[in-house]
Structure formats: C-alpha cells, structure tokens
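I opened my notebook to look up a few things in this structure, and you are welcome to read along. My entries follow the display.

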Amino acid sequence: MNKQRSSILLGAAFLMATSAIGPGFLTQTTVFTQQHAAAFSFAIFVSILLDIGAQLNIWRILTVSRSRAQDLANELLPGLGYFLAFLVVLGGLVFNIANIGGCGLGLKALFGLDTLYGAILSGAISLFIFWMKEAGNAMDQFTRYLGILMVLLTLYVAISSHPPVMDALRQSVWPDNIDTKSIITLVGGTVGGYISFAGAHRLLDAGIGGRESIPQVNRSAVSGILITSVMRSLLFLAALGVVTHGFQLDSSNPPASVFRIAAGEIGYRFFGMVMWSAAITSVVGAAYTSVSFLKTFHPFIAKNEKWFITFFIVFSTVIFAVVGNPVQLLIIAGALNGLILPVALAVMLVAASSMLKDYKHPLALSLIGWVVVIVMGWLSILTLNTWIM
C-alpha cells in the first residue's frame, strides 16, 4: 500500500472523526456528564459499539459497490436516494449553523474576538481550504493535525481534573442508571446523518473502492470511530472530575466551564483552541459530505461542486448571524441525526443483500448492522415519546 493511499485512508478516518467532534459533541458530552456523572460512561460504551457496527457496514457496502449512498438508495427504490439526500443535507445544514457558531465561540475564548467576526473569519478559512488546488489533500491534512491537537489538549485537561477513573470504568458495564436519550444523542452525533458517509464518500472521491480494498477500508472506518471515542472519553473524564468535585458548570457554555475549572486560564485558552478546531473541521466535513449527496444528481452540480460548497458555508454563516447558536439546538440536532441512522443503515443493508450480486456481505456484519437498526429505531421511538410527552 503506497504512501499516498495510506494518507487518504487516514485522512478519511480523521474526516469522519473530526466531522463528529464538533461543538455539539463537546456540549452533549459535558451536559450529559453533569446530569448522569459516572453512569454516563455506559452510554459512551454502548454508543461506541453501535458506532462501529454502523460504520463498518456503511463504509464497506459503499466502497465495494463504488456507489455513493444516494445512488445506491435510488437503485434500490427510485426516489429513495433523493429522500435520503434531503434528510442528510438538512441535518448537515442544522449542524453546520452550530459549527459556524462554535468557530466564533472558540476564537472568542482564544483571542477575545467578537463571536460573529470569529464565525465569519472561520467560514473564510474553510472556503480557502476548498478552493486550494489540491483541496482533497488539504482537507485530509487540515482535519488530521487539528484532530491530533484536540486530543492532546483535552488529555491535559482530563488529567488536571482528577476524575474518578475506577468508578467510571465500573459504571461503563454496570451503571447506576441508563438514559436512552443520551445513547441515541451520542450515536446520532457520532455516526448519524452526514457523518456516517463522510469517510466513505471521501474514499470514493479518491478512487478507492472494490472488494480488494476491504481490509484497508475496515481499518480506516474503525480508526475513525476510535479517534472519536478517545476524544469523547477524555472529555467525559475531564467533565466528570469537575462535577464530582462539586463544581457547577455554566449552562450557557458547559464545555468552557470544564476546561476553565480544571486547568484555570490556560485551560480556558485550550478550550478556545479545542472548540475552534472541533468546529472548523466539522464545517469542512459537513459541507463536503452534504454536497457529495447532491453532486451525482446532475452534472451541473458535480462540475460546480466548489461553488455549491461555498454556498453551503456562506448560507450557514448568514443563518448563524441571524438566528444564533443556543446550546439546546446542539442537543436536538444530535438526536435528530440519530433518527436518520436506522433509516440510512437499513437501506444500505437491503441494498447489499439484494443488489451487489458479485459480493457476499458477511452474515455477522449484516446481523450487527440490523441490531444497530433495531436498537436505534427503538431508542428513537422512546426518545420521540419523551419529547411528545
């Protein structure tokens, strides 16, 4: 496997991971840790298992078929691909508004820059990446280095907060309480909506596909989930250390409270860097993946992909400037993306069993995939009931 191919596979893993690690990811993790303390580790553990089951199926089916999700869905049932694309693009847009806001919050914490100006500046940086000559390689490198930086800074804060690690480990398998909403929100925020397809579509754009690429695709998919899981676990431990020592988090910006309480002013600056890195890499991932769901519908879109990405980012920035970026929107967006996952994964599994004639999808992987569909479908119904009630 040559160096360029290895770089693309690693880049796809980081694109998926950093797409998941956005402002919503930071907010959801800290809010749920404050609510459930060490018992939240069980939700993280279950969500990791569901994430791996979902990602392995989706990445493998799409790369083996050499088809993007919307095209495979349309082949399965005419019009289904358009419906799936609508759900994914809408979810991506909601998340991107929050991502743009997260960029502004990050630069405000880091440099004291006004949130709106920080959001506009970050949108411009995102556009610069996409308009570079080697945009794909630039996106891979950008998400990779900022992803590593986020993990290292959060590790420092997690150590500084002195969390009860043994209690968290125990409750990851034997929790004091189980909250279904937190599980579906975590899974939705990690592999729901556009995030499920970010890495696989990146590999297809780079020409990686077919049965011969299965081992590399599997490693890339699992790597993306593990990167996300490490970041989630570190952020959870950082927040757990803070709340178990009796501190109250600021409801207007929970993750900032964790970093500041655990590590003082330098921690707050670290939060600014983590928030900005998480947000801008998610802007890149959401814009790229959302437009990848549209570009196969008409040659005009494919030919002008960069202009569609530009519109997506500019539109998100304008909406943020008008509407704002409340914490609750980030929680709801993650849960809504979780509702998309069982539908999208079910479509992929049916397509694999009925359309890919020269490929036999592993029975074990199919069973795991259907378990994810059933569990997420059931949790979605429970969550909707709690919202309605």
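**Entry 1: a network.** Which residues are linked in a network of salt bridges? I found Arg 68, Asp 205, Lys 295 and Glu 305 linked in this way. For a salt bridge I need a side-chain nitrogen of Lys or Arg within 4 Å of a carboxyl oxygen of Asp or Glu.

Before going on, I note that this is a predicted model, where local features need pLDDT of at least 70 and side-chain atom pairs count only at pLDDT 80 or more, while totals for chains, interfaces and linings use all residues. Residues are numbered from 1 along each chain as its sequence is written, and side-chain values use heavy atoms, with hydrogens and water left out.

**Entry 2: salt bridges one by one.** I counted 8 salt bridges in the structure. Side chains of opposite charge can pair when their charged atoms come close.

I began with Asp 205 and Lys 295, whose closest N and O atoms are 3.1 Å apart. This pair links distant parts of the chain, with Asp 205 in helix H10 and Lys 295 in the loop between helix H12 (254–292) and helix H13 (299–303), 90 residues apart. Helices are DSSP runs (H or I, at least four residues), numbered from the N terminus. Asp 205 counts as partly exposed at 28% relative accessibility, while Lys 295 is buried at 10%. My cut-offs are under 20% relative accessible area for buried, over 50% for exposed and partly exposed in between, with a 1.4 Å probe and protein chains only.

Next I looked at Asp 140 and Arg 202, where the closest N and O atoms are 2.8 Å apart.

**Entry 3: Arg 66.** I found Arg 66 in the loop between H3 and helix H4 (69–76). Its phi is near 55°, a positive value in a residue other than glycine. The side chain of Arg 66 meets that of Glu 212 in a salt bridge (3.1 Å, N to O). Glu 212 sits in the loop between helix H10 (195–205) and helix H11 (214–244), so the pair ties together parts 146 residues apart in sequence. Arg 66 is partly exposed at 49%, and Glu 212 is exposed at 55%.

**Entry 4: Ala 37.** Here I saw another phi near 55°, again positive in a residue other than glycine. Ala 37 is in the loop between helix H2 (23–36) and H3, and counts as partly exposed at 28% relative accessibility.

Entry 5: How many cavities of 30 Å³ or more does a search of the whole structure find? The search gave me 3. A cavity here is a set of points on a 1 Å grid over the protein atoms alone, where a 1.4 Å probe fits but cannot get out, and lining residues have an atom within 4 Å of a point. Grid points are joined across faces, edges and corners, and the volume is the space filled by probe spheres set on the points. The largest cavity has a volume of about 50 Å³. Its lining includes His 36, Phe 40, Asn 177 and Ser 182. Helix H3 (40–65) and helix H9 (180–191) each give two or more residues to this lining, and H3 gives the most, with 3.

Technical notes: 1 Å grid on protein atoms, 1.4 Å probe; cavity = no way out; pocket = protein on both sides within 12 Å on 5 of 7 lines; lining within 4 Å.
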